[in-house]
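Open your viewer and get ready to select side chains.

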Amino acid sequence: MTGSVLWIRHGTSLDGILRPTAHARPDTPLTLRGAIQIAATARDLRDRGIRPIMVMTSPHPRARASAAILADLLGTPLARPDPLYAEWRAPDCVLGKGPDDYPTEYQAWRAARRRDPDSALPGGESLTAFRRRAAAASLAHEQATDGGTTLIVSHRLLIGAVAAISAGISHAGDVFQAARAFPLCPAKVWFLPPVTQRAEPPRSKQ
């Protein structure tokens with residue numbers, strides 16, 4: 001029997017306050033605001049009678065701290081952080097930088113990345129690799145549940161990519177574009193639709 005999965009975006013991080021338009025640095029911490037947001041989400045889940053069997057999490061500090069709060073307030077076991085649920089790895093040259101500060105090499109790569117989804121800059125993750133990881137994440141959480149509810153604390157782009165794939169989007173560039181447009185505020189929850197309700201991938205024309 002497969003259980004349900006709730007994906008939760010981490011609470012507001014320091015970069016989310018100081019650099020809201022920038023690519024967040026992997027080590028940016030959870031803020032007090034973010035901790036309060038996550039605690040409110042935990043109380044809401046508890047008030048709705050949701051008792052998770054496990055909290056899984058990305059290894060980034062902002063996600064790990066959020067997951068620890070959820071596990072503590074819900075009395076739920078906390079799994080070892082899993083890089084499968086990490087955020088998309090932006091290239092080193094843009095970490096902590098917003099659009100006005102993007103270097104020329106990143107702007108050029110960004111303009112061509114949909115045409116060449118296998119490409120990547122130093123320290124960064126290609127769109128193909130990101131799509132592959134999101135697909136694995138969408139399968140791994142199903143295998144991890146057994147009749148109960150599992151919480152997965154992750155990031156907007158990764159959750160958005162999982163949502164895109166579950167809706168039948170397959171091209172790496174399209175998955176990434178959908179993930180970029182995915183609306184999920186800090187500490188908010190996204191429900192993965194049951195398998196029977198997911199869209200079938202579009203069939204190729206003969």
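Is Glu125 buried or exposed? Select Glu125: it is buried, with a relative accessible area of 3%. Buried means under 20% relative accessible area, exposed means over 50%, and partly exposed lies in between (1.4 Å probe, protein chains only).

A word on the model before you move on. It is predicted: local features need pLDDT of at least 70, side-chain atom pairs count only at pLDDT 80 or more, and totals for chains, interfaces and linings use all residues. Residues are numbered from 1 along each chain as its sequence is written, and side-chain values use heavy atoms, with hydrogens and water left out.

Arg133 and Glu125 form a salt bridge (a side-chain nitrogen of Lys or Arg within 4 Å of a carboxyl oxygen of Asp or Glu). Their closest N and O atoms are 2.9 Å apart. Arg133 is buried too, at 11%. By this rule, the count is six salt bridges.

Next, select Arg114 and Asp174. Here the closest N and O atoms of the salt bridge are 2.4 Å apart. This pair links distant parts of the chain, 60 residues apart. Arg114 sits in the loop between helix H4 (104-112) and helix H5 (127-144), and Asp174 in helix H7 (residues 172-181). Helices are DSSP runs (H or I, at least four residues), numbered from the N terminus. Arg114 is partly exposed at 40%, and Asp174 is partly exposed at 32%.

Last stop: Asp15, Arg19 and Arg25. Salt bridges link these residues in a network. Between Arg19 and Asp15, the closest N and O atoms are 3.0 Å apart. Asp15 is buried at 2%, whereas Arg19 is partly exposed at 31%.

Terms used:
Helix = DSSP H or I, 4+ residues; strand = E, 2+ residues; numbered from the N terminus.
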